[in-house]
Amino acid sequence: MKIDFEGRVWNLDLDAVGIDEWRIVKRNYKMTPKAVQNGVDEADPDSMTVIYWLMLLQNGQAGAVLSDALKPDIIALNNAVSTAAEQEAA
């Protein structure tokens, strides 16, 4: 999926997220992949931080660390993810 956020287009492929990344999510936020997906539907801050971290990883920032130090605009990101999902479904 292509997400227009922060003045650029980001690629995000949740199917490409590996077990190592999901284990980091589980250890840091105690969330499963399904919990992250459900949280995105509700603009949950932790879920949106995970999505942002995955976007960073998948767009060339392999050293990005999943932590509360990541502070994306979760409402803008949630809107961008929703729009991208709608466009992909169409």
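Okay, a quick word on naming: helices (H or I, at least four residues) and strands (E, at least two) are DSSP runs, numbered from the N terminus. What we have here is a predicted model, where local features need pLDDT of at least 70, side-chain atom pairs count only at pLDDT 80 or more, and totals for chains, interfaces and linings use all residues. Residues are numbered from 1 along each chain as its sequence is written, and side-chain values use heavy atoms, with hydrogens and water left out.

Let's start with the loops. Glutamate 6 sits in the one between E1 and strand E2 (8–11), and despite not being a glycine, glutamate 6 has a positive phi of about 60°. Lysine 30 is another case: its phi is near 55°, again positive in a residue other than glycine. You'll find lysine 30 in the loop between helix H1 (19–29) and helix H2 (33–41). Lysine 30 is exposed, with a relative accessible area of 65%; for us, exposed is over 50%, buried is under 20%, and partly exposed is in between (1.4 Å probe, protein chains only).

On to the aromatics. Rings of Phe, Tyr and Trp (its six-membered ring) pair if their centres lie within 6.5 Å, with planes under 30 degrees apart called stacked, over 60 edge-to-face and the rest tilted. That gives two aromatic pairs. In one of them, phenylalanine 5 and tyrosine 52 have ring centres 6.1 Å apart and planes at 80°, so they're edge-to-face. This pair ties together distant parts of the chain, since phenylalanine 5 is in strand E1 (residues 2–5) and tyrosine 52 in helix H3 (residues 45–58), 47 residues apart. Both phenylalanine 5 and tyrosine 52 are buried.

Which residues does serine 47 contact, leaving aside neighbours within four places in sequence? Met31, Ala35, Val36, Gly39 and Val40, where contact means heavy atoms within 4.5 Å. Serine 47 is in helix H3, and it's buried, at 0% relative accessible area.

Last bit: helix packing. Two packed helices are described by the angle between their axes and the distance between the axes. Axes here are lines fitted to C-alpha atoms, for helices over the stretch in contact, and angles run from 0 to 180 degrees between N-to-C directions. H1 and H3 pack at about 150°, with axes 12 Å apart. From H1, Glu21, Trp22, Ile24, Val25 and Tyr29 meet Asp46, Thr49, Val50, Trp53, Leu54 and Leu57 of H3.
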